[in-house]
Amino acid sequence: MKRILLCLLLVLIVVSAASIRQNDKYFEILKNLDIFATMYKEVNANYVDDLNPNTIMRTGIDAMLESLDPYTVYYSEDQIEDVRTENTGQYGGIGATLGERLNGGVYVLMPDKGFAADKAGLKRGDEIVEVNGINVKNDYDKAAEYLRGQVSSKLNLKIKRADQTLDIEVGLEKIELPNVPYFGMVNEEVGLIKLTGFRPNASREVRSALRDLKKEGATSVMLDLRGNGGGLLNEAVNISNLFIDKDELVVTTKGKLEEMNASYKTLNAATDVEIPVAVLINSTSASASEIVAGVMQDYDRGILVGQKSYGKGLVQRTMPLSYNSQMKVTIAKYYTPSGRCIQAIDYSTRNEDGSVGKIADSLKTAFKTNNGRLVYDGGGVDPDFTTETRAFSPVTLGLLQSDAFFGFYNQLKSPLPQLTSAREIEISGELYNQFVAWVQTQTIDYSSKLQRELAALKDLARESGQLAQIESQINSIESKIANDLVADINAAKDEVEFLLREEMAARLFLDAGRLEASFDSDVDIEKAISVLSNQSQYSATLAGQ
């Protein structure tokens, strides 16, 4: 009896301690909320200038959430429509990407194929000057605001195209951007599916593209996830299910609350469990993209080609707040089938200055794929075949930063050639020479690493009072390594011709054309084709040999 009473006493002590700790936590929350409210009241009453309550409160909310992670964010009522567009890909507009180019002008960067802007005849490079008689020249925010709105409304645009001024009527319509903006055959045997988002219907679009490619003769396929920042978790599960059969684990989520812990398995028979697959990833492939890439790797279902992925292993959920506002909050971490979490940054552990760093290699844990290949957590998904990212020369970077390729085609008077495919594009010597001549009339700023280092040396010598002693030698070196624009462009001719071809493809065939024009010089695609075309290498890689 005494033993039973002692046990009951111990249980009461433990429960009471837990209750006290919980009560202490609630007390701390209430105390700090009271301090915050009192502080705001006193600042509002006594600060020398009038305060905007929305602005100062938003600053406080953003700063508080920023101390957690970049994905826990607050959305005010007027931002909800943008959030809905981001999550669904749907909005009321003309169906075109706008941007500031060439000294601040508002330009059509890319009409979305088949939508209002494309059907009305708007083209890449058109400068938008007026919307319904309202001047929006050099005012991107105003232009973007007027070009979205109620579906079925009509807008009258005044645009500049080369040396012409045109009036174009365009309707606002429901824009629902595809998750798969392109799929096609890269060669006679290999197909490519470009997946840009994990919005609703993403898996259906990938399945349809896969089936169509197989009908066209594809015996292997590339799933291009480069630049794909993720989206809906269930779409990542369903896309994995296209290649992984029924009842296989895809992802596990683990959070602080029990209800956030879940395991997601494939629900249906796979579309194809045999076709060789290469998944293309890079440093901006994140979240849902990493789930799919991790699944394909963990089950040894396909090879990964490119660069290490971003490393976002955190799951968010959107929650309603008062006054029609919302908050997206990180609720869990996700784990691939092998058990690894690929989150690269530990936001719970910060340096003294508040900064965060990536998880150290020494703290990473090894896991094994189905075939026993070693994979690691804590830093994104590592490709099976790592490629080098394209490094442009200083002059090419200068041309890109100056919008030189965009600006050159914008001022061309002669029409572009009539072609049936972006892969037919060739840059003639005449067009190349026209570009070089035109560029010489523009201001192109660029410098090599050596020039930058020399400039830094000169500044250091000036600060230390020793410039006079070495200035003549520095000036002599500067003159020897000075830029020669024409010579530098000719030295980078292959790069320049590639970008001229890419810009022409975008104008003739929109986004799909720009992608196709890059096929022959895309190192990721080249490597993927090489392995997919070599069945023994493909099989040996997946077998860990």
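Which residues does Gly357 touch, not counting residues up to four places away in sequence? They are Ala344, Ile345 and Asp346, where contact means heavy atoms within 4.5 Å.

## Basis of the model

This is a predicted model, in which local features need pLDDT of at least 70, side-chain atom pairs count only at pLDDT 80 or more, and totals for chains, interfaces and linings use all residues. Residues are numbered from 1 along each chain as its sequence is written, and side-chain values use heavy atoms, with hydrogens and water left out.

## The chain as a whole

The protein chain has 17 helices and 21 strands. These are DSSP runs numbered from the N terminus, with helices (H or I) of at least four residues and strands (E) of at least two. The C-alpha trace spans about 100 × 75 × 70 Å along its principal axes.

Of the 545 residues in the protein chain, 41% are buried. Buried means under 20% relative accessible area, exposed means over 50%, and partly exposed is in between (1.4 Å probe, protein chains only). Among contacts in the protein chain with a separation of 6 or more, 67% come from residues 24 or more positions apart.

## Two loop glycines

Gly357 lies in the loop between strand E18 (326-335) and strand E19 (366-368). Its relative accessible area is 36%, so Gly357 is partly exposed. Gly357 and Ser521 are separated by 164 residues in sequence and by 35 Å in space, C-alpha to C-alpha.

Gly229 is in the loop between strand E12 (220-224) and helix H7 (233-241). Gly229 counts as partly exposed because its relative accessibility is 46%. Leaving aside residues up to four places away in sequence, Gly229 touches Thr284, Ala286 and Ser287. From Gly229 to Lys493 there are 264 residues in sequence and 33 Å in space, C-alpha to C-alpha.

Helix H8 (residues 288-298) is mostly covered, with eleven of its eleven residues buried. Charged side chains are included: Glu290 and Asp298 are among the buried residues of H8. H8 is followed by Asp300, which has a positive phi near 55 degrees.

Helix H13 (residues 467-480) has 14 residues and should span 20 Å at 1.5 Å a residue; its end C-alpha atoms are 19 Å apart, which agrees. The expected span is 1.5 Å times one less than the number of residues. H13 has a kink of about 30 degrees centred on Gln473, the bend being the angle between axes fitted to the seven residues ending at a residue and the seven starting there.

## Packing of H11 on H15

Helix H11 (residues 429-439) and helix H15 (residues 493-517) pack at an angle of about 100 degrees, with axes 11 Å apart. That makes H11 roughly perpendicular to H15, a class that covers 65 to 115 degrees. Axes are lines fitted to C-alpha atoms, for helices over the stretch in contact, and angles run from 0 to 180 degrees between N-to-C directions.

From H11, Leu431, Tyr432 and Phe435 meet Lys493, Val496, Glu497, Leu500 and Met504 in H15. The residues of this contact divide into six nonpolar, no polar and two charged. Ala, Val, Leu, Ile, Met, Phe, Trp, Tyr, Cys and Pro count as nonpolar, Asp, Glu, Lys and Arg as charged, and the others, Gly among them, as polar.

## Positive phi at aspartates

Most residues other than glycine have a negative phi. Asp247, in the loop between H7 and strand E13 (249-255), has a positive phi of about 70 degrees. Asp247 is exposed, with a relative accessible area of 53%. Asp403 has a positive phi of about 55 degrees and is found in the loop between helix H9 (394-401) and helix H10 (404-411).

Methods:
Parallel < 35°, antiparallel > 145°, perpendicular 65-115°, else oblique.
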